[in-house]
Amino acid sequence: MIRNSLKRFAIFMATSIIIFVILTFIINQNIINQYDVRILVLICINIMLALSVNLIVGFTGQFTIGHSAFMAIGAYAAAMLTINLKLPFPLSLLGAGIIAGFIGLLIGIPTLRLKGDYLAITTLGFCQIVVVVIQNIPQLGGAQGLTGIPPKTTFAWTFFTMIVTILVIYNIVHSSQGRAMISIREDEIAAEAMGINSTKYKIMAFVIGAFIAGVAGGLYSHYMMYIEPQSFNFLKSMDFIVYVVLGGLGSIPGCIISTAVLTYLPEGLRGFGDLRMVIYPILLIVIMILNAKGISPSKLFKRKSKGRDKDAIA
Amino acid sequence: MEFLQQVINGLALGSVYALIAIGYTMVYGIIGLINFAHGDIYMMGAFFGFFAASKFNLPFIPTLAIGMICAAVLGVAIEKIAYKPLRNSPKLSLLITAIGMSLLLENGSRLDFIFGPDYRTYPSNLLPSQIIKIGALRLDSLHLIIILISILLAALLQIIVFRTKVGKAMRATSFDKDAAALMGINIDNIISITFAIGSALAGAAGVLVGILYSRIDPYMGIMPGLKAFIAAVLGGIGIIPGAVLGGIIMGIAETFTKVYISSKLSDAIAFAILIVILLIKPSGLLGKKSNVKV
């Protein structure tokens with residue numbers, strides 16, 4: 001058992017290092033241009049965010065559509081820590097994660113009592129409040145956005161933070177805590193009857209998700225060098241939900257692939273000009289309809305188990 | 001007096017929210033979907049009305065009717081094409097389709113050969129604004145007309161839902177879809193009718209707002225859509241009087257915050273009210289508490 005998981009870990013690390021070396025080589029040899037490098041970094045950041053949403057929505061079954069609020073908090077917190085306190089980059093990333101996680105805890109305790117659509121709309125409201133509040137704080141640049149963030153995020157930083165995130169999520173999901181989270185998704189009442197403290201595990205998933213989103217936000221702000229509150233509104237959270245659902249709720253590889261494809265897709269469609277803004281939603285709708293008919297990218301990555309994906313979130 | 005003046009302004013805004021919220025609540029009540037494209041149907045209604053008024057020089061009532069009919073047709077078409085194939089799939093897939101639909105309507109109508117990205121101005125002679133003075137009160141006739149039309153439409157809806165056979169079928173379907181089908185109710189038709197009525201009301205709201213603010217653009221539906229949705233949740237989602245009540249509360253709260261607290265924070269306060277009410281009474285103001293059966 002232990003040897004098996006060690007072997008799996010070694011294979012995973014070896015593969016990711018190989019991928020990293022190849023990508024670094026491609027970047028350093030200027031085989032792809034700066035614009036594509038930017039997309040690559042954004043894909044890594046989005047994968048972190050999608051995985052954190054997957055932990056909350058896909059594994060624990062708590063429907064949140066305000067996750068970009070934690071990304072915003074992390075982005076602004078990290079920027080402030082680097083600019084004002086002159087903290088080294090890793091520390092400000094950690095600080096961003098802790099601040100986002102703490103706010104996640106404060107929000108999670110009262111709101112996670114709510115279920116389904118009511119939880120969704122509350123988190124959406126929280127997200128919009130965060131955006132409006134940031135818009136009204138002049139020290140954070142207000143509605144114009146915050147400029148002058150030092151560019152500290154490199155491809156290596158994002159890639160390895162992403163790898164750590166994947167490992168963390170994978171290990172949570174395969175621990176007893178993770179199984180408790182999945183049991184809450186499957187049937188909260190039954191889980192409680194089996195002695196699982198559902199509030200505790202829901203909050204745990206929410207805080208971990210917020211922490212990861214905070215770190216990802218920190219990477220984002222130090223890469224873009226400019227952030228504005230409106231770019232973190234609830235539509236951004238919707239993007240992550242789309243990645244997660246398309247990759248299959250509760251599937252880590254599916255989530256990674258769908259995020260990579262869907263982050264690249266709008267850029268890849270750039271040749272179509274304004275039409276790309278229409279092609280993307282049409283593709284989304286078509287994929288969802290095909291999905292319902294059983295032709296699904298997400299099914300490829302589902303582990304076989306009985307009656308699992310029937311109504312994951314119904 | 002200032003206070004009363006603001007109450008009227010808030011009522012006018014609130015009745016627009018109420019008209020949109022009714023559509024959200026009806027659709028949710030019948031298929032359990034948060035129809036994110038609803039705010040965009042409101043926008044499309046405003047554009048349909050605009051073309052009726054500016055291209056064909058129609059007067060107010062036909063403009064309103066065209067806005068409502070076109071919005072209803074659009075709503076039914078969206079339901080048939082995008083939502084119907086997903087009726088038995090998980091709620092999240094349905095929700096994402098609704099978001100896709102919303103993006104499609106927004107970005108599609110921004111294309112040059114459809115409406116274009118710029119804002120349009122409603123013809124000002126459609127319904128001239130007059131100031132009516134009652135004592136120290138200075139009332140804008142447009143506000144009064146909006147409130148009046150909203151009341152009329154809500155009353156009409158109440159009659160349809162509680163006094164007609166279709167309304168009875170709608171109530172039965174939202175209560176228990178399978179049992180209703182067994183009683184010989186054509187569920188597909190009832191769902192289409194629900195979408196048609198909800199979208200028609202949103203279209204009416206679009207035309208009224210177009211006349212009131214005289215500016216319309218493809219993104220105008222996002223914020224009112226969101227706030228109307230909050231209004232629906234506030235009143236207890238699935239309950240039509242709740243949507244009206246929620247809409248009016250949202251409208252008055254927003255107007256008062258703008259006037260007495262801060263115009264910048266008005267959006268945040270609207271959402272804060274929502275969160276507080278949901279935490280105190282999770283089923284909404286008029287919602288009944290339902291026990292979960294194991």
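Strands here are DSSP runs of E, at least two residues, and helices are runs of H or I, at least four residues, all numbered from the N terminus. Strands count as paired if DSSP finds at least two bridges between them. B:Ile131 has B:Asp140 in β3(B) as its bridge partner. The two strands make a hairpin with two residues between them, and B:Gly135 in the turn has a positive phi of about 60 degrees.

Before I go on, this is a predicted model: local features need pLDDT of at least 70, side-chain atom pairs count only at pLDDT 80 or more, and totals for chains, interfaces and linings use all residues. Residues are numbered from 1 along each chain as its sequence is written, while chains are lettered from A and ligands numbered from 1 in the order in which they are written.

Staying with chain B, we have 11 helices and four strands. Its C-alpha trace spans about 60 × 45 × 35 Å along the principal axes. Of the 294 residues in chain B, 52% are buried, meaning 20 or more other C-beta atoms within 10 Å of the residue's own, with C-beta atoms placed from the backbone.

Now, chain A. Here we get 12 helices and zero strands. The C-alpha trace of chain A spans about 55 × 45 × 45 Å along its principal axes, and 48% of its 314 residues count as buried.

One helix I'd like to zoom in on is α7 of chain A, residues 176–186. Which residues of α7 are buried? They are A:Gly178, A:Ala180, A:Met181, A:Ile184 and A:Arg185. Looking down the axis of α7(A), these fall within an arc of 160 degrees, so they line one face of the helix; the arc is taken from the directions from the helix axis to the C-beta atoms. Their cover includes α2 (34–59), α6 (155–173), α8 (188–193) and α9 (198–224) of chain A.

Last bit, the interface. 33 residues of chain A are in contact with 34 residues of chain B, where contact means C-beta atoms, placed from the backbone, within 7 Å. On the chain A side, α5 (116–135), α10 (234–247) and α12 (276–292) each supply at least two residues. By class, that side has 25 nonpolar, five polar and three charged residues. For the classes, Ala, Val, Leu, Ile, Met, Phe, Trp, Tyr, Cys and Pro are nonpolar, Asp, Glu, Lys and Arg are charged, and the others, Gly among them, are polar.

Conventions
Buried ≥ 20, exposed ≤ 12 C-beta atoms within 10 Å, placed from the backbone. Contact = placed C-beta atoms within 7 Å.
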